[in-house]
Amino acid sequence: MEQKRDMLRGWMFNLRRRRDFEFAREVFIDPDLYYDGDDLGVSYSKEKTRFRVWAPTAERIRLLLFMDEETPEPELELDFQKDIKGTWLAEVSGDLAGKYFIYKVHVDGKINEVVDPYTRGLSTNSRRGLIVDLKKTNPAGWENDRRIKLENPQDAIIYEIHVRDFSSSADSGIKFKGKYLAFTETGTTSPDGLKTGIDHLKELGITHIHLQPVFDYASVDETNEEDYNWGYDPYFYNVPEGSYATDPSDDIRIREFKEMVKAIHDNGMGIIMDMVYNHTYTTEDSPFNLIVPRYFYRFDEFGNYANGSGTGNEIASERPMVRKFIIDSVKFWAEEYHIDGFRFDLMALHDKETMQQVERTLHAIDPSIIIYGEPWMGGLSPLDPSKQMVKGAQRGMRIAVFNDHFRNAIKGDNDGMGTGFVSGAHNQEMNIKRGVVGAIEYSHDIRDFTAEPWETVNYVSSHDNLTLWDKLNKSNSNDSKELRIRMDRMAQAIIFTSQGIAFFLGGEEILRTKRGNHNSYNAGDEINQIKWKRKADYYETFKYYQGFIELRKKHPAFRMRNARQIREHLKFLPTPYNTVGFLLKDHANDDSWKNIVVFYNPNREAVNFKLPLEGRWKIVVNENKAGVETLMTVNGPDIKVPFVNTMVLYQE
Ligand code: CA
């Protein structure tokens with residue numbers, strides 16, 4: 001061991017001088033330095049608390065225990081003992097719940113004060129770790145709290161929202177504005193008497209709430225009620241962010257987070273966390289670096305921190321103890337907090353093997369857990385391209401990626417003047433078809449990056465970039481508002497009628513605007529918040545989204561199980577120029593409807609389509625309404641679809 005520690009110290013030295021990566025790789029894959037126990041961090045019991053930290057290059061580690069988060073002097077200070085496989089161990093007897101701690105790590109000729117990255121509790125602004133009795137943080141009935149059962153990821157309809165944006169507006173009718181607890185409030189209404197908050201989501205019908213980062217992040221001062229940030233600035237991965245709690249101290253954030261989870265589950269929805277394991281907020285003095293300098297990060301050929309995240313560093317997920325940290329972390333959230341799904345920020349920066357193990361771990365806990373991520377990065381990475389989780393790398397895995405091809409085909413570019421299928425661009429039919437089939441290999445021409453429909457997240461907008469409504473206002477400013485509303489509805493109608501996982505930015509159902517701000521990460525509540533008054537202003541659009549969600553949920557033909565089913569039951573129809581139409585035939589995926597036809601007409605005039613089969617057809621989506629109720633019965637084969645509109649019909 002001693003010899004290995006010297007080798008490692010040598011590596012740290014060499015890396016800076018000789019940049020000897022081959023040597024580094026050899027040392028760190030040494031199985032003698034891989035600790036596979038499940039007790040890293042703080043293990044609490046009433047009788048004693050154990051601290052285990054992996055720090056193979058440290059010379060000495062001291063534990064400092066504090067009675068509260070303020071008192072500067074520790075009430076106890078003791079040395080860690082060297083233990084197995086690069087770890088150090090300290091043990092203190094007695095009931096330590098509610099006490100705070102930091103480590104003093106002697107490494108690399110420095111003494112670093114640091115909180116364990118594995119910590120499960122924190123003081124205000126993460127200055128000290130908190131020792132928590134997690135059992136005591138469970139709300140009443142927690143033992144019966146269950147994740148939402150999903151047979152297939154494509155049964156999910158995901159609503160992305162930031163904790164503050166959901167409730168911070170003065171017209172939300174919600175008491176705990178901007179807090180976790182806002183999700184526990186029922187019976188809330190807007191000044192117009194329309195449902196807001198969790199009741200609104202229930203009324204809308206979505207299945208999963210995807211929250212922008214709610215693990216502890218560093219870019220807001222938890223004592224400043226006005227501070228706003230999206231939170232893609234990871235500090236401590238295994239503790240809820242403190243600013244969304246009514247009080248960031250003690251274990252209140254943990255209790256309130258669990259109350260939120262339970263309320264979401266009690267209302268029949270799942271909760272998905274946005275995880276940012278690709279980088280940390282700080283680099284040289286990140287908690288990882290202060291314990292094992294440089295091990296957790298990738299470097300370029302000159303020995304500089306690689307910057308594939310675009311934010312100054314990137315996590316080396318492929319290193320055994322980094323991979324273990326990520327797996328331990330998602331496992332902890334799934335088990336302790338009953339999380340229903342995980343979204344991986346800049347997932348391309350994670351190596352495939354890590355994501356494979358993440359998937360196996362989570363699905364062993366519950367096959368219903370949804371896993372998806374961004375199949376791109378924010379810069380250039382030294383990670384071998386064959387290992388990157390880019391678009392296509394997910395093939396054959398139970399992991400989905402965001403389908404930007406489809407997004408761009410529907411609306412054009414993200415923030416510019418470009419248009420897409422719904423807003424005036426021509427020659428997008430083939431790209432629309434590739435999205436409609438879930439990006440599978442459907443035919444010689446209609447094929448994209450998935451093997452199975454659960455591998456694509458279909459969407460037209462997310463927290464990044466302009467909201468769909470703002471984008472249409474920009475790219476189609478010369479068109480009437482009525483026309484832009486039609487384009488908006490059609491864009492989402494395409495998402496709701498396509499194979500794969502449906503996802504949309506929260507608030508789009510009431511034409512959310514950020515007043516043209518395409519990157520509002522720190523723009524504050526006023527720009528970012530959902531203005532609930534818009535629900536009354538755009539109630540028809542809300543009902544239209546709601547109707548499509550109901551249609552998708554009640555009709556499994558839109559959520560086919562696999563690529564084989566799609567190839568067998570989905571048939572594109574010959575349709576006029578610049579339109580798309582398709583048939584879901586013969587009770588696709590055991591649908592109660594025998595045949596379903598969907599027509600998209602993005603043209604500025606009505607277009608005549610031909611129904612593919614004889615007999616009577618029932619219209620369930622027309623110019624103004626969407627849902628499952630028959631709006632009109634028609635006889636084929638000719639049917640006129642109004643300008644910039646979607647039509648859905650069926651035969652029993
Ligand atoms: Ca924080």
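## A buried loop residue: Gln-394

Gln-394 is found in the loop that connects strand E16 (370-373) with strand E17 (400-402); helices (H or I, at least four residues) and strands (E, at least two) are DSSP runs, numbered from the N terminus. With a relative accessibility of 0%, Gln-394 counts as buried. Buried here means under 20% relative accessible area, exposed over 50%, and partly exposed in between (1.4 Å probe, protein chains only). When neighbours within four places in sequence are set aside, Gln-394 is in contact with Met-389, Ile-399, Val-401, Phe-449, Thr-450 and Glu-455, contact being defined as heavy atoms within 4.5 Å.

## Basis of the model

The structure is a predicted model, in which local features need pLDDT of at least 70 and side-chain atom pairs count only at pLDDT 80 or more, while totals for chains, interfaces and linings use all residues. Residues are numbered from 1 along each chain as its sequence is written, and side-chain values use heavy atoms, with hydrogens and water left out.

## The chain as a whole

The chain contains 16 helices and 27 strands. Its radius of gyration is 26 Å, which agrees with the value near 26 Å for a compact globule of 652 residues; this radius is taken over C-alpha atoms, and the globule rule is 2.2 Å times the number of residues to the power 0.38. Along the principal axes, the C-alpha atoms fill a box of roughly 85 × 55 × 45 Å.

Of the 652 residues, 64% count as buried. Among contacts between residues at least 6 apart in sequence, 71% join residues at least 24 apart. The chain exposes about 23,500 Å², and carbon and sulfur atoms supply 47% of this area, as computed by the Shrake-Rupley method with a 1.4 Å probe; for residues, only the protein chains shown count as cover.

Thr-119 lies in the loop between strand E8 (110-114) and strand E9 (129-130). Thr-119 is buried, at a relative accessible area of 0%. Not counting residues up to four places away in sequence, Thr-119 touches Phe-101, Gly-129, Leu-130, Phe-236, Asn-238 and Val-239. The C-alpha atoms of Thr-119 and Val-42 are separated by 6.4 Å, although the two residues are 77 residues apart along the chain.

Helix H4 (residues 197-204) is mostly covered, with six of its eight residues buried. These are Gly-197, Ile-198, Asp-199, His-200, Leu-201 and Leu-204. Just after H4, Gly-205 takes a positive phi of about 100°.

## Cavities and a pocket

The structure holds five cavities of 30 Å³ or more. On a 1 Å grid over the protein atoms alone, a cavity is a set of points where a 1.4 Å probe fits but cannot get out, and a pocket is an open set with protein on both sides within 12 Å along at least five of seven lines; lining residues have an atom within 4 Å of a point. Grid points are joined across faces, edges and corners, and a volume is the space filled by probe spheres set on the points.

The largest cavity has a volume of about 130 Å³. Of its 13 lining residues, Val-53, Trp-54, Pro-117, Tyr-118 and Phe-296 lie nearest its centre. Strand E2 (48-54), helix H6 (287-291) and helix H7 (320-337) each give two or more residues to this lining, and E2 gives the most, with three. The lining divides into 11 nonpolar, no polar and two charged residues (Ala, Val, Leu, Ile, Met, Phe, Trp, Tyr, Cys and Pro count as nonpolar, Asp, Glu, Lys and Arg as charged, and the others, Gly among them, as polar). The second largest pocket holds about 350 Å³ of space. Among its 16 lining residues, Trp-230, Tyr-232, Thr-311, Asp-345 and Asp-464 are the closest to its centre. The lining of this pocket comprises five nonpolar, seven polar and four charged residues.
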